[in-house]
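This note is meant for a colleague who is meeting the structure for the first time.

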Amino acid sequence: MSDSCISDSYYVPVDADDAHGERFAATDLVRSTWSAAIQHAAPVSALLVRALQRCEPRDDTRLSRVLIDLLGPVPAEGDLWVRAQRERAGTQIELVSAEMLAAGPDGQRRAVARASGWRLQTLDTADIVHATAEPLRPLAEARGRDMKKNWDRNYVHSLDWRWLTKPMSDGPGESWIRPEVDLVKGEQMTPLERLFAVADDANGIGSKLDIRRYTFLNTDLVVHLHRLPVGEWTGIRAETNYGPDGIGTTLGTLFDEAGPVGAIQQSVLIRPRPPKN
């Protein structure tokens with residue numbers, strides 16, 4: 001990656017009016033922990049959510065459910081295009097979608113990730129607020145693990161990641177995380193962009209597998225939000241279940257410092273790492 005793309009953001013805007021969609025260049029901070037050649041799904045998810053929010057926006061609605069489908073490895077090099085459209089219009093319920101394009105092996109643009117979001121009309125229901133999930137322990141009780149030392153500069157280096165539980169211990173994993181960089185250079189993240197910049201980490205937080213022996217890549221991300229998050233920190237409580245056939249699921253709850261904000265699910269592809277020669 002060229003020096004011009006090294007920045008304190010995940011993406012640098014290139015051309016807002018490109019015929020194929022808003023064009024971006026990715027920085028080194030999008031690089032995955034699985035491979036430096038591909039992007040971590042969290043920045044990809046956040047950039048798609050940015051597009052969903054900007055698609056024919058209405059002040060009286062908000063996203064209640066977002067589904068991210070990863071259609072294959074998202075390359076960390078080269079330009080990206082993001083475009084969005086309203087699929088279903090409505091007074092109270094709308095469906096919006098977005099997709100990310102990148103150059104394939106043949107050099108032609110192809111879709112590498114897609115998002116859809118139900119956008120619902122808001123109404124004052126403050127008198128019936130209810131959420132059953134037990135709040136996470138406070139941020140003051142969480143501890144950093146200096147995860148950045150384990151990798152060359154990549155997505156992990158963009159985060160302040162603090163654990164409430166020991167990785168791979170019994171029961172759900174729990175962490176507080178906040179991105180320390182912009183999503184798009186020069187822009188302030190919205191609350192949903194900030195949440196989606198870390199929500200995909202649920203798979204790793206909930207994992208019970210040794211990363212030296214297995215890979216566990218999620219192919220999707222589904223988030224339902226009963227309220228919008230507040231503040232810089234996102235809390236995640238997650239646990240991954242493993243089936244007998246190489247497939248698992250991550251289930252979890254998302255929090256801000258005031259309590260739960262929504263639920264998260266991921267499909268997980270589990271594979272043993274080949275032995276080293």
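1. In this predicted model, the largest cavity is lined by Pro 191, Arg 194, Leu 195, Pro 229, Gly 231 and Thr 234. Sorted by class, this lining comprises three nonpolar residues, two polar residues and one charged residue.

2. Which helix gives the most to the lining of the largest cavity? Helix 2, spanning residues 191–199, does so, with three residues.

3. The largest cavity holds about 30 Å³ of space. The structure has one cavity of 30 Å³ or more.

4. Turning to the fold, the protein chain contains three helices and 15 strands. Its radius of gyration is 18 Å, close to the 19 Å given by the globule rule for 277 residues, so the protein chain is as compact as a globular protein of that length. The C-alpha trace spans about 55 × 55 × 35 Å along its principal axes.

5. What share of the contacts with a separation of 6 or more in the protein chain comes from residues 24 or more positions apart? Such residues account for 65% of these contacts.

6. With regard to burial, 49% of the 277 residues of the protein chain count as buried, that is, they have under 20% relative accessible area. The accessible surface of the protein chain amounts to about 13800 Å². Carbon and sulfur atoms contribute 50% of that surface.

Conventions
Residues numbered from 1 in each chain as written. Predicted model: local features only at pLDDT ≥ 70, side-chain atom pairs only at ≥ 80, totals over all residues. Heavy atoms only, no water. 1 Å grid on protein atoms, 1.4 Å probe; cavity = no way out; pocket = protein on both sides within 12 Å on 5 of 7 lines; lining within 4 Å. Points joined across faces, edges and corners; volume = space filled by probe spheres on them. Helix = DSSP H or I, 4+ residues; strand = E, 2+ residues; numbered from the N terminus. Nonpolar A, V, L, I, M, F, W, Y, C, P; charged D, E, K, R; others polar. Rg over C-alpha atoms; globule rule 2.2 N^0.38 Å. Buried < 20%, exposed > 50% of the residue type's maximum accessible area, 1.4 Å probe, protein only. Contact = heavy atoms within 4.5 Å. Areas by Shrake-Rupley, 256 points an atom, 1.4 Å probe, with all protein chains shown as cover.
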